[in-house]
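Let's explore a protein chain together, one question at a time. Keep the picture open beside you as you read.

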Amino acid sequence: MTILPPAASTGRQLAVTAAFLEALNVGSSDASWRVDALCAQTDPEAFYPEKGGTTSQAKSICRCCTVRAGCLAEALERDERFGIWGGMSERERRRTATTLRAMR
Ligand code: SF4
């Protein structure tokens, strides 16, 4: 089964596939994806915009990031409340987490 994260996500959507669900089992103890985090080479403030600020710059970087699935999986697992992770805002991650819980 393939579902997509909330329509509110901008740009290319990250398909929530079996491979993605498998990535959810990575666990927060395996943070190897961080080595290739594209955001580590950019302005970190773009990933933590002020309330009402734009998220488009951070999301456009995430769309080019090769470790997006692992990043998003960890943020979902940790119920990360702040910032852009895996190309999703906190609100988008909450919706995705709700969808994933419904699938289990
Ligand atoms: S997906 Fe986005 S937030 Fe996650 S590591 Fe890549 S650039 Fe950083």
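Q: Which residues does Cys-71 touch, not counting residues up to four places away in sequence?
A: This is a predicted model, in which local features need pLDDT of at least 70, side-chain atom pairs count only at pLDDT 80 or more, and totals for chains, interfaces and linings use all residues. Residues are numbered from 1 along each chain as its sequence is written. Touching here means contact: the C-beta atoms of two residues, placed from the backbone, lie within 7 Å. Leaving out residues up to four places away in sequence, Cys-71 touches Trp-33, Ala-37, Trp-85 and Gly-86.

Q: Which residues touch the most other members of the largest nonpolar core?
A: A nonpolar core is a set of buried Ala, Val, Leu, Ile, Met, Phe, Trp, Tyr and Cys residues joined through C-beta atoms within 7 Å. Buried means that 20 or more other C-beta atoms lie within 10 Å of a residue's own; with 12 or fewer it is exposed, and in between partly exposed, with C-beta atoms placed from the backbone. The largest core has 13 residues, and those touching the most other members are Cys-71, Leu-72, Ala-75, Ile-84 and Trp-85.

Q: Which element gives the most residues to this core?
A: Helices (H or I, at least four residues) and strands (E, at least two) are DSSP runs, numbered from the N terminus. The one that gives the most, with six residues, is α3.

Q: Where do the buried residues of α2 lie, seen down the helix axis?
A: The buried residues in α2 are Ala-58, Lys-59 and Cys-62, and what covers them includes α3. The arc is that of the directions from the helix axis to the C-beta atoms. These residues fall within an arc of 95°, so they line one face of the helix.

Q: Which residues come nearest to the ligand?
A: A residue is near a molecule or strand if its C-beta atom, placed from the backbone, lies within 6 Å of it. The elements giving two or more residues to the shell around the ligand are α2 (56-63) and α3 (68-77). Of the 14 residues around the ligand, the nearest are Ala-37, Cys-39, Cys-62, Cys-65 and Cys-71.

Q: Is Thr-66 buried or exposed?
A: Thr-66 sits in the loop between α2 and α3. Its C-alpha atom is separated by 7.7 Å from that of Ala-37, 29 residues apart along the chain. Because Thr-66 has 11 C-beta neighbours inside 10 Å, it counts as exposed.

Q: What is the phi of Asp-79?
A: Asp-79 lies in the loop between α3 and α4 (90-103). Most residues other than glycine have a negative phi. Although Asp-79 is not a glycine, its phi is positive, about 55°.

Q: Which element has the highest mean pLDDT?
A: pLDDT is the predictor's confidence in each residue, from 0 to 100. The chain has a mean pLDDT of 81. Helix α1 (residues 18-23) has the lowest mean among the elements (60), while the highest, 97, belongs to α2.
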